[in-house]
Amino acid sequence: MYPCLSIEGAQFGGYDDSSSGSSSPVSSRSGPSESDGSSSSNADEFCPDPYPSKSDSPSSSSVRGRGGVDPTSLLTASSACVLDDIDRHRQRMLALLPAFSSPAGAPARAEPLFRWLSGFGVGWVLDMDASVSGGAAERLPRREVGRRVRAWAQALGTMERVFRLRHRELTVKQVQALGELAAASAGAMLRLARAVAALESSPSKLLAALDVYVPVSEAFPVLGRMFSWGPSHPVSAAAEGALAALVDAARSCGRDLRAFVRSHYPWRMPQGGEVHPCVGFWMGYFRCLLRNRISLCFILGGDGDGEDAPPPLAPGSEGGCGLLTELISCLEAVLEEKSAALAFPGLRQVFMLNNTFAIVRRAVRSDLKLFLPPGWVRAREERMEGYIKGYMDASWAPVVARLNDASGGPKLPAVLRRRTTNRLSAFYSALENACSAQRCWKVPNPVLRGILRKTVSANVVPAYRRYQEDHPEVDVAIGRSAEELEQRLSDLFEG
């Protein structure tokens, strides 16, 4: 009676739709599209831009740097060309080295250091006072975290490359000055790492901590070997402290992730049963966690109950659900709970059908599929089949029931003929109510929408035809034929 759904097969299909209703620049392979209903501007706001951000920069009072320079003005598309211009950075370096021949801590180094860092677009790190508790977090606007981390990581990589490729060409005195410049630069760059670790726990903080952890753990050991910084050197010690703070911050956020899924996103329920914007938000976030999957496994994997605890991304951990599958299950559970607010018969099931389809579609079209346990997709196909059955039972079984128990043969007494006519009127009334409401419901995926329409028609139209065949004495009004009824049902779920 009800269809057997196959997410990956042609019967359910819809994965290669080229039309996209999202403003996200994610490619059609992994991004939201109209076929799963995630066309909200909020969809995938974490991926590829993992931090909610507007194009407008914060107020000048919050980010204005030294000498009236707006640090965000350097974070433009042209910055990439500047950062890749190693020769230009070398010339700047040579011009600034004399200032670093003076004793450490001399005031004469402050301005050259700012000019050096500003050439990489990160002069603003000097304004992050991480020595004051909470000061770093207050001076790092939440909506700027992503842009700053990306600019910082690019600058650190380029800076390390300049130091590595050019220091062999210098004189002994210049090499000594370069070591001072590198130490001052590295110390300044660590301010952002401490600032990120000091941020209030949030989903974006976890991504930022992972994004900062990798460059620090990779670049600073190289700099240490290059300039012979031992473990007791101030920069090496500061780097170790920053890495430890980032690990603690990431583990704290990791413990809070399930609570974030339940409370971080506004839970205003869509009244047409369409995909909730939180699905695009969280599925994009889960994909972004995989950007740094190695550090994620290292950091969060070390927070388990023992040495034998499986890595957090492993499909077999936590009783068959790794970290990502557990978080997806948490999202599904919250959607199920919130769907209870949709009181119209059948709407809750349509809502869950749309959202489950969107979750599975996003999972199987991204790297998330590599971390799903066996049978994960099929379990949700069966769940969607159950939603369709529940929708039919709640929404259309009562309509068809209006036609039941009306059969009495061709020779009915007048009173029974009137009762039969009244039963048909009740059917028409229930049908009209259902059609009027469900024309406004939304099933954005065309294949899924077609399955629902065919299922409704396959259950309602044959029952109506049987009724007409069993009761030829009842006149069918104009516009009430079985064919016309089937046409009406084809208009459902247009939204």
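## Charges over aromatic rings

R480 lies over the face of Y428, at 4.1 Å from the ring centre, where a charge counts as sitting over a ring if NZ of Lys or CZ of Arg is within 6 Å of the ring centre and within 35 degrees of the ring normal. By the same definition, the charged end of R148 sits over the ring of W124, 4.7 Å from its centre.

The model is predicted, so local features need pLDDT of at least 70 and side-chain atom pairs count only at pLDDT 80 or more, while totals for chains, interfaces and linings use all residues. Residues are numbered from 1 along each chain as its sequence is written, and side-chain values use heavy atoms, with hydrogens and water left out.

## The nonpolar core and F163

The largest nonpolar core has 141 residues, and those with the most contacts inside it are F163, F286 and W396; such a core is a set of buried Ala, Val, Leu, Ile, Met, Phe, Trp, Tyr and Cys residues joined through side-chain atoms within 4.5 Å. Its largest share, 14 residues, comes from helix α7 (residues 172–198), helices being DSSP runs of H or I with at least four residues, numbered from the N terminus.

F163 is buried, with a relative accessible area of 1%, where buried means under 20% relative accessible area, with a 1.4 Å probe and protein chains only. Leaving aside residues up to four places away in sequence, F163 touches M93, W116, L178, L181, A182, S185, L223, M226 and F227, a contact meaning heavy atoms within 4.5 Å.

## Aromatic pairs

Rings of Phe, Tyr and Trp (its six-membered ring) pair if their centres lie within 6.5 Å, and planes over 60 degrees apart count as edge-to-face, those under 30 as stacked and the rest as tilted; by this rule the count comes to 13 aromatic pairs. F163 and F227 form an edge-to-face pair, 6.0 Å centre to centre with 85 degrees between the planes. F163 lies in helix α6 (residues 145–166) and F227 in the loop between α8 (203–226) and α9 (234–263), so this pair ties together parts that are 64 residues apart in sequence.

F227 is also buried, with a relative accessible area of 14%, and W116, F120, F163, F227 and W229 form one aromatic cluster. The ring centres of F281 and W282 are 5.1 Å apart with the planes at 80 degrees, so that pair is edge-to-face, and both residues are buried.

## A buried glutamate

E332 has its place in helix α13 (residues 323–338) and counts as buried because its relative accessibility is 7%. Beyond residues up to four places away in sequence, E332 touches M352, I359, W376, R380 and R383.

Key
Helix = DSSP H or I, 4+ residues; strand = E, 2+ residues; numbered from the N terminus. Buried < 20%, exposed > 50% of the residue type's maximum accessible area, 1.4 Å probe, protein only.
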